[in-house]
Amino acid sequence: MEMEIDDTPKPKGEETKGKPIVVILVGAPGSGKSTFCEQVMASSTRPWVRICQDTIGNGKSGTKSQCLKSAASALNDGKSVFIDRCNLDREQRAEFVKLGNPNVDVHAIVLDLPAKLCISRSVKRTGHEGNLQGGKAAAVVNRMLQKKEFPKLSEGFTRITFCQNESDVQAAHNTYSALGPLDTLPNGSFGQKNPDAKIQLGIMRFLKKVEVPANTVSDANSIQSSVSHKNTEEKEPSYKGHDNISSFSGNASKELKEGENLAVCSSDSHASLNNTPTLAFPSISTSDFQFNLEKASDIIVEVVEEYVNKLGSARLVLVDVSHKSKILSLVKTKAAQKNIELNKFFTFVGDITKLYSEGGLRCNVIANAANWRLKPGGGGVNAAIFNAAGPALEGATKEQAQSLHPGKAVVVPLPSTSPLFSREGVTHVIHVLGPNMNQHRPNCLNNDYIKGCQILHEAYTALFEGFASIIRTQGKLAKVSNENLDSNPSGAQEVIEGANTKHSPNNDQKSKREHEHDYDRSKKCKGSQDEIGADIPESKIGKVDKNNDKIDGSMTKAWGSWAQALHKIAMHPQTHKDVVLEISDDVVVLNDLYPKARRHLLVLARSEGLDRLADVSKDHLQLLKTMHDVGLKWAEKFLQEDASLIFRLGYHSVPSMRQLHLHVISQDFDSKNLKNKKHWNSFNTAFFLDSVNVLEEVSSHGKAALRDDESLLSMELRCHRCRSAHPNIPRLKSHIRNCRAPFPPSLLQNSRLVLAPCNTGIDP
């Protein structure tokens with residue numbers, strides 16, 4: 001479907017002023033409206049604003065009137081607007097069409113893709129802005145499609161474009177991407193093949209076959225069963241530059257035609273692809289460092305095979321700029337021999353700094369073949385990544401490390417100010433340094449391939465460990481680049497320094513109640529590095545690294561810049577005297593910035609490298625005793641001031657803030673900062689480890705028994721005294737203010753509770 005830009009001469013005076021456009025997207029959930037907007041906005045020189053009702057209310061679901069107001073404001077500023085709503089009937093579109101006037105054109109783009117495809121995408125996607133996903137999505141899409149009403153020029157549109165397959169969508173994307181600030185498009189209706197077509201049949205029959213996946217991408221067999229290769233309108237679009245790797249999937253792949261290979265590497269849902277953690281990495285040491293390609297390819301495949309199943313549904317992508325790349329060819333062949341799953345590892349031809357904008361491949365993490373100084377310059381991948389990321393990457397790198405040894409890697413959270421973050425959706429860069437066989441470069445091994453292969457193996461291991469740590473640290477990180485940051489100041493266990501973590505807003509009150517335990521992000525997360533925050537249970541962050549593996553000798557996980565605040569205070573308490581209550585050689589004491597009770601202290605260990613309880617060994621037993629004694633001293637001090645208080649000392653199994661710290665918290669939980677289920681359960685389930693228990697376990701077994709089960713944080717709300725259940729935090733708080741039941745016997749034993757001598761904990 002060819003569409004041309006109208007470049008006819010403009011009347012005098014109009015050639016320097018473009019005409020804004022309102023583009024009303026029309027399509028069912030899963031038809032690709034949001035993806036279309038994002039891709040056009042990423043590549044167009046015309047200023048665009050996307051108006052989405054799911055996020056219009058400060059990142060949360062809003063109203064139609066809010067959308068209209070925002071659209072009108074953008075048009076007044078001379079910007080063109082995408083109306084990203086379903087807009088499936090005339091009534092829904094009418095108010096937006098009225099935004100048009102002699103100086104504003106109104107277009108419609110109708111994404112009339114097959115019902116099966118829309119339903120399949122909606123069912124399988126995760127992290128959707130409007131929370132329309134999973135089993136409920138199928139019924140919603142079916143219901144909406146039955147009421148579909150195609151737009152007509154008579155409604156007030158100047159142009160309507162119908163897209164009935166992915167080729168049409170790509171053509172429309174190309175047209176609007178190429179539309180400059182001064183360009184206009186011819187009026188009329190384009191692409192509608194059958195204006196009188198009935199609603200697509202067989203939808204309910206298809207629904208019976210739909211299976212809701214558990215946050216996984218489809219494998220070759222499931223794709224083949226759900227996508228008809230005879231119907232090209234139902235295939236997912238192929239990524240530009242994707243190598244033909246059909247041999248990776250064994251016999252199943254032989255049934256695929258050339259050009260269909262990408263479907264094997266993806267799910268039917270484009271949104272699901274965008275949300276899958278993906279690491280794009282170049283071949284390390286084979287370019288400027290002149291490492292033998294055969295040996296390098298063996299090591300790549302060996303380490304990929306080791307990690308590909310450890311990473312769950314995450315993907316590893318080997319990238320090179322040339323279709324003639326020998327390393328890609330070698331790796332593909334050897335990976336095929338190992339039967340490595342296509343949906344978890346594949347190769348890609350393209351610029352690693354433009355994988356999404358030019359190739360359509362969303363990678364939230366990219367690896368850089370760095371130099372030992374971790375500086376820009378040189379050539380190849382290192383220069384390209386530093387140039388594309390801008391000064392933000394160099395500054396963020398300096399915060400993490402000053403240099404790098406061969407075989408090591410360092411994870412660098414990419415600031416949101418970086419063009420790589422905003423344009424490509426990259427949230428992290430992992431610098432990795434491999435072995436050098438080039439005599440004109442530092443640390444040349446002079447063809448010692450025994451040592452060289454060992455170092456290269458260590459380099460890829462460090463790289464994939466870094467990627468794994470990112471997945472553990474921030475969960476489904478790929479959605480970071482697609483969703484709006486919820487900076488609601490009502491968040492309780494806040495984070496520091498503009499963390500990149502985001503969450504999907506819910507589109508109705510029921511969903512809000514169901515997810516009331518999700519963490520809010522405070523506006524303070526945009527604060528300085530010197531601010532401090534309370535520890536939060538790491539449900540958003542993932543599970544503890546049980547093997548305690550290190551990436552670069554100094555980190556056991558990739559701590560975001562905001563999570564470093566406690567570490568900085570512990571290491572340099574003299575510079576934080578305004579918040580520090582006590583300083584000694586072993587510990588620092590301070591108030592929790594967002595206390596969850598009337599009294600809530602943190603006792604920080606001052607030992608470098610002791611980031612969390614998982615790092616503790618028997619060698620740290622004396623330090624743990626010191627922390628406990630200091631916490632006990634402060635609890636007793638508070639009891640002298642208020643004998644009605646009762647204290648508990650303990651650790652979170654999986655903290656979000658770097659630096660081992662002990663919580664000293666009063667059991668009244670009377671605090672405006674305690675707002676959701678995870679806040680409560682982080683202190684009142686097995687997720688909270690009593691200090692006396694930790695001391696016994698480390699003394700007996702050399703380590704603490706961690707409870708890193710994320711389900712603990714989503715348990716129903718129960719009173720910590722009588723164990724009665726309550727539907728929400730306000731009801732729970734109302735109850736515990738009046739509850740006089742004794743504490744459970746387990747807490748009354750072994751001095752787990754700290755009370756005034758006159759207080760038994762039974763009838764305070």
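A crossing of two helices is left-handed if the near helix is turned anticlockwise from the far one by less than a right angle, and right-handed if clockwise. Helices here are DSSP runs (H or I, at least four residues), numbered from the N terminus.

Good morning. The model is predicted, so local features need pLDDT of at least 70 and side-chain atom pairs count only at pLDDT 80 or more, while totals for chains, interfaces and linings use all residues. Residues are numbered from 1 along each chain as its sequence is written, and side-chain values use heavy atoms, with hydrogens and water left out.

I begin with helix 2 (residues 64–76), which passes helix 3 (residues 90–97) in a right-handed crossing. Which residues meet there? Lys64, Cys67 and Leu68 in helix 2 meet Glu91, Gln92, Glu95 and Phe96 in helix 3, where contact means heavy atoms within 4.5 Å.

Helix 1 (residues 33–43) and helix 6 (residues 166–177) also form a pair, and their crossing is right-handed. Among the residues that meet are Phe36 and Val40 in helix 1, with Val169 and Tyr176 in helix 6.

I turn now to the interior. A nonpolar core is a set of buried (under 20% relative accessible area, 1.4 Å probe, protein chains only) Ala, Val, Leu, Ile, Met, Phe, Trp, Tyr and Cys residues joined through side-chain atoms within 4.5 Å. The largest has 42 residues, of which Phe281, Tyr460 and Phe464 touch the most other members. Helix 18 (residues 449–474) gives the most to this core, namely eleven residues. Apart from it lies another core, of 31 residues, including Trp634 and Leu649.

Terms used. Axes fitted to C-alpha atoms, helices over the stretch in contact; angles between N-to-C directions. Helix = DSSP H or I, 4+ residues; strand = E, 2+ residues; numbered from the N terminus. Buried < 20%, exposed > 50% of the residue type's maximum accessible area, 1.4 Å probe, protein only.
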